[in-house]
Structures are given as C-alpha cells and as structure tokens.
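Please have the sequence and the 3D view ready.

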Amino acid sequence: MEDCDATRPGHNQVEDIQETEESALRGFFRQYRTHLTAIATLAVFCMVGFAIMQLTNEVRYDDVVQALADTKLSSILLALFFTALSFLALVFYDANAIDYIGKKLPFPQVALTAFSAYAVGNTAGFGALSGGAIRYRAYSRLGLSPEEIGRVIAFVTIAFGLGLAGVGAIALLAIADEIAPLINVSSLLLRLIGGAVVAVLAGMMVLGSGGRALRIGRLSIRLPDSATWSRQFLVAAFDIAASATVLYVLLPQTAISWPVFLAVYAIAVGLGVLSHVPAGLGVFETVIIASLGSAVNIDAVLGSLVLYRLIYHVVPLLLAVLAVSATELRRFADHPVASGVRRIGIRLMPQLLSTFTLLLGVMLIFSSVTPTPDSNLAFLSDYVPLPIVEGAHFLSSLLGLALVVAARGLGQRLDGAWWVCILSAAAALALSLLKAIALVEACFLGFLIFGLFVSRRLFRRHASLLNQTLTASWLMAIAVVCVGAIVILLFVYRDVEYSSELWWQFEFAGEAPRGLRAVLGITIISSAIAIFSLLRPATTKPEPASDDALLRAVGIVGKQRYADANLVRMGDKSIMFSEKGDAFIMYGRQGRSWIALFDPIGERSALPELVWRFVESARAAGCRAVFYQISPALLSHCADAGLRAFKLGELAVSDLRTFEMKGGKWANLRQTASRAQRDGLEFEVIAPENIGSVMDDLAAVSNAWLQDHNAKEKGFSLGAFETDYIASQPVGILKLQGQIVAFANILVTDAKDEGTIDLMRFSPDAPKGSMDFLFVQIMEYLRNEGFAHFNLGMAPLSGMSKRETAPVWDRIGSTVFEHGERFYNFKGLRAFKSKFHPQWHPRYLAVSGGGNPMIALMDATLLIGGGLKGVVRK
C-alpha cells in the first residue's frame with residue numbers, strides 16, 4: 001500500500017498542478033480578454049433579441065408605425081426640451097471634473113467637448129472609451145496632461161455610475177410597493193437593496209469629507225470633498241431625471257407614475273451599460289418593455305423607444321456635427337467665441353463624423369429590412385422599373401455596410417475613408433429616393449455629405465483601408481448590426497410564412513423577399529470582411545537602415561535642434577521617412593512591438609502624417625506601435641492615432657546661457673572641479689577628423705569600463721563603442737599625466753540649440769570626481785561654442801504622481817522609484833543630474849490599441865539591453 005501511495009501525487013503536488021492550471025487559465029483570459037468580451041457581448045445581444053421577440057409576440061409592425069404616427073407634436077417638443085436639459089447637466093460633469101483636478105479652462109471649449117463626448121458616447125456606446133477619446137483629443141489641445149485627462153474621464157465615469165445608483169436606490173426606497181409588481185420582486189427586498197446602496201453612498205460621502213483617502217486593501221482612493229460630492233450628485237440626479245423624462249413624455253397616457261418610471265429607467269440604463277452592447281441597444285429596450293408591458297400597450301412602448309433613440313441619441317449628434325461645421329465656415333471663423341471653439345472643433349470633427357457615419361450605415365441596413373409605405377411604392381411603380389427598385393434596395397444595404405466599415409477610418413482621418421464615405425453617401429442618397437422615396441434618410445445622408453465636404457482638409461492621412469486590421473470591438477459591432485437586422489426582419493415579417501420561393505420573388509409588393517436578400521448580402525459581405533481581417537498575413541520584420549537612408553537621415557539631423565537624434569548614426573535602427581523626405585522616425589522591433597525612439601526628427605509639419613504611417617505599418621505587421629521617450633508636444637498626434645500615453649520619467653535640461661560656476665548652489669561642483677585640476681586632470685575636445693589618432697586609447701578605456709562594471713554594450717536609445725559612431729562627433733577627454741583616463745562623445749547639431757553626451761566611460765585609474773569634472777568641462781565647452789542647452793538625459797520614473805487619485809501606472813512608477821534601488825539606481829541618477837540644476841521636462845511612453853504599457857516597456861528594455869541576457873547582465 002505504501003508503494004502504491006508513493007506513486008500518487010502528494011497533496012502539495014496536487015496543489016501545484018491546480019495552481020499551474022489556474023495560472024494558465026488566467027493567462028489565457030488575459031491574452032484573449034478582448035476577444036472573449038466581444039463574443040460574450042454578442043451572445044448577450046442574441047439573447048436580448050430572442051427576449052424581445054418573445055415579449056413582442058402579439059405586436060405587429062403596423063401597430064408600431066401607427067403608434068409613432070399618433071405621437072403628439074407637444075410630446076416631441078417636450079422630449080426635445082428635456083434632452084436639452086439633460087445635455088446641459090452633462091456639460092457640468094466635465095466642468096466639475098476640471099474644477100476637481102484644480103484646472104481652469106474656457107467654458108465654451110469645455111461645453112463643446114462635453115456635449116460632443118456624450119453625443120458620441122451615447123450613440124456609439126462604450127462611453128468611457130469613445131467619449132474618453134473625444135476628451136483626450138480636445139483637452140490635450142487645451143493643455144491638460146494625459147494624467148489630468150485620465151482623472152477627468154475617471155471622474156465623469158464614476159460620477160455617472162454613482163449618480164445612477166443613487167437615484168435608482170432612492171426611487172426604490174420611495175416607491176418599492178409600486179415597482180415590485182412590475183418586476184415580480186418583493187417590495188421588502190427592493191427596499192433592502194435600495195437602503196444598502198444609499199448607506200454605502202452616504203458612508204463614502206462621510207469618509208470623503210475633507211478629501212480623505214479611502215483604502216480598500218492595497219487600493220487607495222482620494223474621495224472628493226463633501227461639497228464636490230454633493231454638487232456632482234445633484235448634477236447627476238438632474239441629468240438622469242431629465243433623460244428619463246424624455247422617454248416618459250413620449251409614452252402614451254399610463255397609470256405608471258413618474259417616480260416609478262424613473263426607477264425602471266435607471267435600472268434599464270445601468271443594465272445597458274453593464275452589458276457592453278454598443279449604446280445598450282436591445283438591452284435597454286428589453287428592460288423597458290418587460291417592466292411596462294403590463295401597464296402600457298407594447299406597440300406604443302416600441303414606438304416611444306424608437307422616438308427616444310432618435311431624439312436623445314441622433315439629434316444631439318446632428319447638433320454637434322452642425323456646431324463644429326459652423327466654425328469651419330469662413331464667415332463664422334473670426335467670431336471671438338468661434339475662434340477658440342474652432343481649434344477644439346478640428347480635434348473633434350473626425351470622431352463626430354465617424355460616429356454619425358456609423359449611425360447612418362446602421363440606418364441604411366435597418367431600413368433595408370423594413371417595409372416601404374404603400375403610397376411610396378405605388379408612386380414608384382408608375383415611374384421606376386422594378387429591377388431598379390430591387391437593385392437600389394439591395395445596393396443600399398451594402399452601402400450601409402460600407403459606411404459602417406469606413407467609419408473607423410474616418411475617426412483615424414484617412415483620406416481613403418473620406419472618399420469611401422463621400423461616394424457611398426452620395427450613391428445611397430440617390431438610391432434612397434429610387435428604392436422608397438425616403439426623404440428623411442436622404443436628408444441625413446445630405447447632412448453627412450455637407451459635413452464631409454466642410455472638413456475635407458482634416459482627412460489627409462494616406463493609408464489603404466484594405467491594410468486596416470479591424471479590432472475585436474469593431475467586428476463585434478458589425479456582428480451586432482447584422483444580428484439586429486435579422487431580429488428586425490423577423491419582427492416585421494413574423495406573419496409571413498417562410499418558403500424557399502421567397503428568395504426568387506421580385507414584385508413591388510414583395511417586401512419580405514427584398515429584406516431577406518438584403519440580410520443575406522450584408523451577412524455574406526460582413527463575414528468576408530471579418531475573415532479577411534482576422535486571417536490576413538503579417539508583413540516581414542523591418543530591416544535596418546541602408547547606407548543611403550543613413551546619409552539622408554544624418555542630413556536631416558544636422559539641420560534640427562535635438563542632439564539625441566544623432567543616435568541614428570549607430571545604424572542599428574530602421575528608418576521611416578516622411579513622404580517629402582524631410583523628417584523620419586527611427587525605430588526597432590522587439591517581440592510584437594515596433595518601438596519608435598523619441599519624437600519624429602525633422603520638419604514639424606510632417607509629424608501627424610509620419611506618426612500615423614508608423615502606427616498603420618506596425619498594425620499591418622500584426623504588432624503594436626510604441627513611442628518611447630516622447631515629449632508632450634507629440635501627445636496630441638499620438639492621441640489622434642489612437643495611442644494611450646503613460647509617463648516614463650523626466651528629462652533634465654540645463655540652460656547654458658545662464659550657466660556659471662558661481663554662487664552657493666554651485667559650491668560643491670566648484671570644489672570637485674578644483675580638486676580634479678589639483679589631481680592633474682586635463683580636459684580636451686577632439687574634433688571628429690582627429691579622433692582616429694586616439695581611437696585605440698579610447699577603446700582601451702571603454703573595455704576597462706565594461707569589464708569593471710561587468711556590463712555589455714547597449715543599443716537603441718544608447719550608443720555603443722563602434723569606431724564609425726565614435727568618430728562621427730566630437731569627443732571630450734580627460735588626461736592624467738598624458739594618458740586618457742575618461743572620455744565622452746558629444747552629440748551636437750548645426751542648429752547649436754542643444755548638446756548632449758552619450759557614452760561616458762572611465763578607466764579604473766581615473767581619480768574620484770572625474771565624472772562631475774568631465775560634465776562641467778563639456779558644459780563650459782558647449783556654452784563657449786554658442787550652444788543654448790545641455791541635455792543631461794532622462795531620469796526614469798522620476799516625477800511620477802504620488803497622489804491617491806493618480807493613475808495606477810503613476811502610483812506603481814512612484815513606488816518603484818522609491819523602493820527599487822535594488823534593481824536600478826533611480827534615485828541616484830536623478831540626484832546626480834540634479835547637481836547641475838536643470839529644468840525637468842516630462843517624457844512619455846505611448847502605446848497603440850489599448851496595449852499593455854508594461855509589455856511595451858519590457859520590450860523597449862530588452863531592445864536597449866540587447867535581449868534578455870543583456871538585461872540580466874545590466
């Protein structure tokens with residue numbers, strides 16, 4: 001028995017196996033989280049579609065149309081009024097958020113940004129992401145840092161969620177007896193739930209008084225003070241009450257009171273948000289129908305829901321596009337308010353048009369599965385041949401799908417997407433008249449064409465739509481549209497008995513066959529798009545720059561101001577030039593990351609196009625685009641290309657125009673320099689043409705330094721000791737008794753704005769303080785040569801925010817900076833640079849596609865260190 005037991009895994013072994021399996025499962029979910037979420041969302045939407053079909057089993061399409069026609073004009077006007085009140089409250093979400101982070105921005109720009117963000121978020125869904133992208137583009141233009149914009153987005157997202165929970169909970173407490181019969185739940189249970197939510201919110205408000213921090217495990221959150229909390233809750237309550245009233249006034253006379261409906265509405269909105277279905281489509285409607293079906297005719301509820309979507313979702317988006325378009329017109333451009341708003345409008349217009357195009361694409365697809373009014377068909381039959389009507393109906397649905405796909409390219413400012421949208425919209429406009437005399441549809445398409453023409457100059461990025469890889473979220477959205485079209489088709493023609501002959505029926509009265517053919521067309525084409533996007537091959541690994549490309553790049557480097565750009569001379573990086581050849585990006589590849597070093601080098605006007613081309617090329621290769629050590633000036637261009645920014649550290653830059661070794665703050669460095677001179681150290685700068693004569697001595701110092709530090713040569717963002725590289729720029733040396741004991745290569749450009757050093761190496765025999773002395777001597781040399789600044793390099797993780805409200809990335813970075821001395825001399829490096837009293841400038845890491853910044857940073861570290869072995873060996 002003992003022998004048999006010995007062959008079985010022990011208790012610890014079983015636990016190890018279970019932990020390994022759980023770890024593998026967690027890794028799988030992390031790797032495919034986006035795809036699994038998209039599949040789950042689509043599954044939820046399919047279940048919702050089935051639920052709607054069951055709930056509306058006794059409802060007919062004609063009844064819904066009649067209910068729409070019976071809606072009073074006064075109800076529509078009231079709905080528009082309460083929509084305006086709701087969006088006014090939404091503007092104050094952003095105003096309160098900006099006040100909370102301690103910033104002051106012009107209210108017109110904030111109002112336009114907030115209005116546009118909510119117009120896009122409400123229509124496209126994923127408000128924190130789609131609306132967040134709008135805020136990032138606009139507020140970065142107004143001077144907010146990525147960290148501050150992140151806090152604004154977090155504030156408005158949490159404020160809406162807590163406000164929705166608070167309003168719903170208070171309503172449950174007040175009218176639980178009336179709500180309970182609607183959803184078949186005990187009124188006592190509803191009051192307990194409402195009371196628990198109110199208690200939690202009240203406790204958070206008390207804990208947050210005075211801006212105290214709330215700790216939940218390792219997480220620490222600084223809560224708003226009581227005044228901010230109270231003010232924001234009132235704004236949220238007003239917004240939710242106003243938006244609920246939009247739908248309430250559209251409903252027919254009912255026995256349900258407004259407070260009861262407010263609670264039902266809050267629950268429906270909350271479930272719609274949690275479902276992750278774009279705009280809560282179907283989920284929101286299902287909850288409303290299920291709750292009100294016993295008190296109101298379902299056909300009337302459906303009609304009211306359609307009007308609610310049009311008034312609360314479509315109208316604000318139209319107004320946002322119109323407002324931004326108006327600022328583009330010449331006669332409004334010089335208006336004092338419009339001039340400030342126009343600068344923001346340029347940032348918002350692509351995203352607004354993208355959302356509006358998506359909306360119209362969905363409209364064309366859904367209209368292809370709904371019947372044409374009999375009077376319109378009778379008119380068409382007298383003037384238009386049946387084949388033209390059939391063809392117009394089918395092609396209109398495919399043009400709708402084209403608009404849905406091209407909408408993503410509009411948001412990315414592609415010129416190809418602009419052409420696809422303008423041509424598709426123009427063709428769809430003509431076909432909408434031929435297929436059904438759809439005047440409203442034609443007006444919307446005409447409005448889109450107007451917006452596209454007004455903003456033509458914004459879409460100048462040359463990129464092929466065929467090279468785009470549609471993300472899982474976009475593929476899911478297309479699938480949701482297709483499923484939605486099928487659900488609508490089944491609802492509208494539920495009384496039509498299916499037979500295979502329907503596919504071949506061509507007659508003016510044959511509405512169901514036209515709908516079937518349209519659904520089949522969009523399903524086949526959308527499936528082909530998805531398969532092509534998922535299975536398209538990746539391109540090959542980028543090659544290092546050729547000698548000719550290096551010469552061109554060096555010529556550009558010499559004309560600009562940034563000395564670090566001389567790292568291109570190493571020849572270890574690939575180079576991507578702008579179309580005009582006046583700017584370039586130097587980059588490398590590690591793992592699945594294409595990592596660009598610094599801002600693009602060269603003409604500033606080429607930056608937007610160059611950033612976009614780099615992102616698209618990386619995406620086409622199946623990789624993530626990463627920008628490493630970029631300045632704040634590049635962040636808005638990165639945001640336009642869909643990248644997220646994370647603070648990386650701070651760059652130390654000394655002003656040589658005011659540099660003098662005088663005064664108390666320079667006392668320690670003066671003493672160090674004096675001691676070095678007493679020790680016999682002599683400084684000299686060797687011109688590039690004379691470096692060959694001392695190259696062997698420099699190599700001996702470099703080898704001794706590497707051996708003494710047990711290190712190997714680095715690359716990418718650091719130079720290595722290669723003779724061609726060292727001989728390309730001046731070298732500062734220290735001699736002791738005629739022997740070179742230390743050197744640093746000096747990177748400069750013809751602009752003489754900035755100088756810096758790359759390699760700084762010392763022999764073990766160099767006296768103590770040689771590094772400080774060499775720095776001081778090089779700074780004095782550059783100052784005497786007429787240079788304005790000295791770049792001392794970046795201090796990693798320096799300047800990260802330690803506040804509780806700071807992004808998680810900053811808090812992790814600040815913790816590593818404080819306690820990571822075992823792995824890297826973070827504090828020591830900053831302390832050394834601080835001795836030269838520099839100004840500190842933030843530097844960022846930008847990652848595309850919502851990528852994990854830790855993976856991107858690890859890839860950059862491996863690229864610099866020459867792989868894992870190089871990193872381990874320092």
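Here is a short briefing on salt bridges.

This is a predicted model, in which local features need pLDDT of at least 70 and side-chain atom pairs count only at pLDDT 80 or more, while totals for chains, interfaces and linings use all residues. Residues are numbered from 1 along each chain as its sequence is written, and side-chain values use heavy atoms, leaving out hydrogens and water.

- Side chains of opposite charge can pair when their charged atoms come close.
- The structure holds 18 salt bridges (a side-chain nitrogen of Lys or Arg within 4 Å of a carboxyl oxygen of Asp or Glu).

- R309 and E285 form a salt bridge, with their closest N and O atoms 2.7 Å apart.
- This pair links distant parts of the chain, 24 residues apart: R309 belongs to helix 13 (residues 298–328) and E285 to helix 12 (residues 283–292).
- Helices (H or I, at least four residues) and strands (E, at least two) are DSSP runs, numbered from the N terminus.
- R624 meets D859 in another salt bridge, at 3.3 Å from N to O.
- Here strand 7 (residues 624–630) supplies R624 and helix 31 (residues 853–865) supplies D859, 235 residues apart.

- R309 counts as buried at 14% relative accessibility (buried means under 20% relative accessible area, exposed over 50%, partly exposed in between, with a 1.4 Å probe and protein chains only).
- E285 is buried too, at 10%, and D859 has a relative accessible area of 9%.
- K435 forms a salt bridge with E441, the closest N and O atoms being 3.3 Å apart; K435 is buried at 3% and E441 at 7%.

- Salt bridges with shared partners join E390, E511, R514 and R517 into one network.
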